[in-house]
Amino acid sequence: MRTICDVCESAVAVLFCAADEAALCRPCDEKVHMCNKLASRHVRVGLADPNKLVRCDICESSPAFFYCDIDGTSLCLSCDMAVHVGGKRTHGRYLLLRQRVEV
């Protein structure tokens with residue numbers, strides 16, 4: 001799944017600006033961040049190719065869909081259901097949005 005630019009809402013985003021909390025295509029990034037000295041200092045990171053899937057840390061073969069912040073692991077659905085039983089059901093887990101950043 002590709003991320004769409006938050007400014008023009010038509011092009012594929014290639015950067016993420018933490019200060020603006022926005023994903024931007026290259027032309028919109030230049031318009032927004034080159035307009036003044038303050039905006040040009042915003043930290044921006046490149047968005048990685050979404051086709052490079054994160055693999056499950058347990059089985060190492062299936063794509064990961066969840067991240068457990070207690071265990072610090074990325075998990076596929078099957079492994080998540082197997083690991084998070086009993087007391088571990090309370091672990092905070094988040095969906096992986098398949099959008100990595102390049103730093």
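Colleague: What does aspartate 80 form a salt bridge with?

Modeller: Arginine 93. The closest N and O atoms are 2.7 Å apart. Keep in mind that this is a predicted model.

Colleague: Where do aspartate 80 and arginine 93 lie?

Modeller: Aspartate 80 is in helix α3, and arginine 93 is in strand β6. The pair therefore ties together parts that are 13 residues apart in sequence.

Colleague: Is aspartate 80 buried or exposed?

Modeller: Buried, because its relative accessibility is 5% and the cut-off for buried is under 20%. Arginine 93 counts as partly exposed at 31%.

Colleague: How many salt bridges does the count come to?

Modeller: Three. One of them joins the side chains of aspartate 29 and arginine 44, at 2.7 Å from N to O.

Colleague: Which elements hold aspartate 29 and arginine 44?

Modeller: Aspartate 29 sits in helix α1, residues 26-33. Arginine 44 sits in strand β3, residues 44-47.

Colleague: What about aspartate 71? Which side chain does aspartate 71 meet in a salt bridge?

Modeller: Lysine 88, with 3.9 Å from N to O. The cut-off is within 4 Å, so the pair counts.

Colleague: Where are aspartate 71 and lysine 88 in the chain?

Modeller: Both are in loops. Aspartate 71 is in the loop between β4 (66-68) and β5 (73-75). Lysine 88 is in the loop between α3 and β6 (93-95). The pair links distant parts of the chain, 17 residues apart.

Colleague: What is the relative accessibility of aspartate 71, and what is it for lysine 88?

Modeller: Aspartate 71 has 32% and counts as partly exposed. Lysine 88 has 33% and is partly exposed.

Colleague: Switching to the surface. Which residues make the nonpolar patch?

Modeller: Phe65, Leu77 and Met81. The patch covers about 320 Å².

Colleague: Where does methionine 81 lie?

Modeller: In helix α3, residues 77-83. Aspartate 80 is in helix α3 as well.

Colleague: So is methionine 81 buried or exposed?

Modeller: Exposed, because its relative accessible area is 56% and the cut-off for exposed is over 50%.

Conventions. Residues are numbered from 1 along each chain as its sequence is written. This is a predicted model: local features need pLDDT of at least 70, side-chain atom pairs count only at pLDDT 80 or more; totals for chains, interfaces and linings use all residues. Side-chain values use heavy atoms; hydrogens and water are left out. Patches are made of residues with over 30% relative accessible area and no salt bridge: like charges are joined within 9 Å, nonpolar side chains (Val, Leu, Ile, Met, Phe, Trp, Tyr) within 5 Å. Accessible areas come from the Shrake-Rupley method with a 1.4 Å probe; for residues, only the protein chains shown count as cover. Helices (H or I, at least four residues) and strands (E, at least two) are DSSP runs, numbered from the N terminus. Buried means under 20% relative accessible area, exposed over 50%, partly exposed in between (1.4 Å probe, protein chains only).
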